[in-house]
Protein chains: 2
Amino acid sequence: MTAPAILLHTPQLGENIGAAARAMLNFGLTDLRLITPRDGWPNPAAEPMSAGAFEAGVEARVFDSLEAASEGLTRLYATTARPRGMEKPVMGPQAAADEARDLPGQAGILFGGEHSGLPNEAVAVADVILTYPVNPAFASLNLAQAVLVFAQGWGAAMELEGRAGVQRGVGDLADRGDLMRMLEHFEVELERAGYFFPPEKTALMKDNLRAALIRANWTEQEVRTFRGAIKALAEGRGKARVKRD
Amino acid sequence: MTAPAILLHTPQLGENIGAAARAMLNFGLTDLRLITPRDGWPNPAAEPMSAGAFEAGVEARVFDSLEAASEGLTRLYATTARPRGMEKPVMGPQAAADEARDLPGQAGILFGGEHSGLPNEAVAVADVILTYPVNPAFASLNLAQAVLVFAQGWGAAMELEGRAGVQRGVGDLADRGDLMRMLEHFEVELERAGYFFPPEKTALMKDNLRAALIRANWTEQEVRTFRGAIKALAEGRGKARVKRD
């Protein structure tokens, strides 16, 4: 059990990054990953809203993609209010925090930027959709408030650890970086094979594919196996084509 | 089941009142009671931070005492991080929200002002101490964040209502106003009887007494009965004194 990482996808205001760090550290979260923050990092606007959280333990790191920010994580939860039409498990903050606590490895909790939330392609590669039981007539949480709601779930999960901490009988879950590379490998080969047609539907087809594959909760061994399968198919197709020529 | 009221005890900044209202309405809470707000009410500083919560459903009312603000409530939860040395049940936000949902009548969730939190005499009259599982090395939630943590618990409690809503078999719980008057009646008579001695310990003695009495979860009938008992004791003592004279 490692405390989850908080991933902010293209956050805009430094103030909100600071307030998110404050919310995190109140409940013992310290791993903050910023994916392409609009105003760069470090950002002086973050400091006053952080209440000293960066000095007291929160470590913020910047990444240029979700893939890069996912290195070392074994399960990804995408926080979203809008339904996405993707078939994925949906959890509330407490269930997600409880599961993250019992996970082998480290979970990542992904939040979208202030204005547009998470892009579909980010949700597509998440294992779980994390939603909050908000009032449908007034769903108006800001970024730091959304982080706080998960963080308090984590605090509650840790408080109850002694009582409820049951280790799940899963193998070594794959590193998210390896998993992303597996999906990309798959898509590159599908592209070469002319699978993505017509072109305007490529993004949607990829998202649906990723959403389906990701549900498998891949172990390290399974990722290696699947990559071997892709490679074999791609090479086999090449061979077949050579034969036909 | 009525959605709980949020009571802010001597809040200072209008911004925080507005942000608290926003946090409330996200999870369906609309009854906001302001006890002696420092800058009065209405306060124009509240509006920008409310994200429209006052127009969309939150009703804020001002009271000049905790007693007045407690009218119509049947159970009071005091949110506090510091231990108070009072023997009271202690709950986390989810347990409190679940209980509030199943309560006959309406719960009140009491939060202290920005700088000093709740005074001891306010905690003393609460039924339950509500604490959050915060990081002891960085306990730094602002007022609106504290309200949000309870509010999300309420949202989760309502979401699960169909599954977990078990009505408790209690009688009609006393109105908090009646309960406060009962305690004051008791203290007035104790004062007259010279019970509070030495004078510098009066506040502490009252707090301890209130803390003990309040744990009884008084029903309406029991409050009437107890007031009758105080009256009888007081009049009896008067009679006895007359006789001794």
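**Exercise 1.** Work out which handedness the crossing of helix 7 of chain A and helix 7 of chain B has, and at what angle the axes cross.

*Solution.* The crossing of these two helices is right-handed, a term used where the near helix is turned clockwise from the far one by less than a right angle. This is a predicted model, in which local features need pLDDT of at least 70 and side-chain atom pairs count only at pLDDT 80 or more. Residues are numbered from 1 along each chain as its sequence is written, and chains are lettered from A in the order in which they are written.

Next, the axes (lines fitted to C-alpha atoms over the stretch in contact) of the two helices, residues 143-159 in each chain, come within 10 Å and cross at roughly 60°. Helix 7 of chain A is therefore oblique to helix 7 of chain B, since angles under 35 degrees count as roughly parallel, over 145 as roughly antiparallel, 65 to 115 as roughly perpendicular and the rest as oblique.

**Exercise 2.** Find which residues of helix 7 of chain A meet helix 7 of chain B.

*Solution.* Q145(A), L148(A), V149(A) and Q152(A) meet Q145(B), L148(B), V149(B) and Q152(B), where contact means heavy atoms within 4.5 Å.

**Exercise 3.** Determine how helix 1 of chain A packs on helix 7 of chain A.

*Solution.* Helix 1 (residues 14-26) packs at an angle of about 15° to helix 7 of chain A, with the axes 8 Å apart, so the two are roughly parallel. Among the residues of helix 1 in this contact are A19(A) and A23(A), and among those of helix 7 are V147(A) and A151(A).

Notes: Heavy atoms only, no water. Axes fitted to C-alpha atoms, helices over the stretch in contact; angles between N-to-C directions. Helix = DSSP H or I, 4+ residues; strand = E, 2+ residues; numbered from the N terminus.
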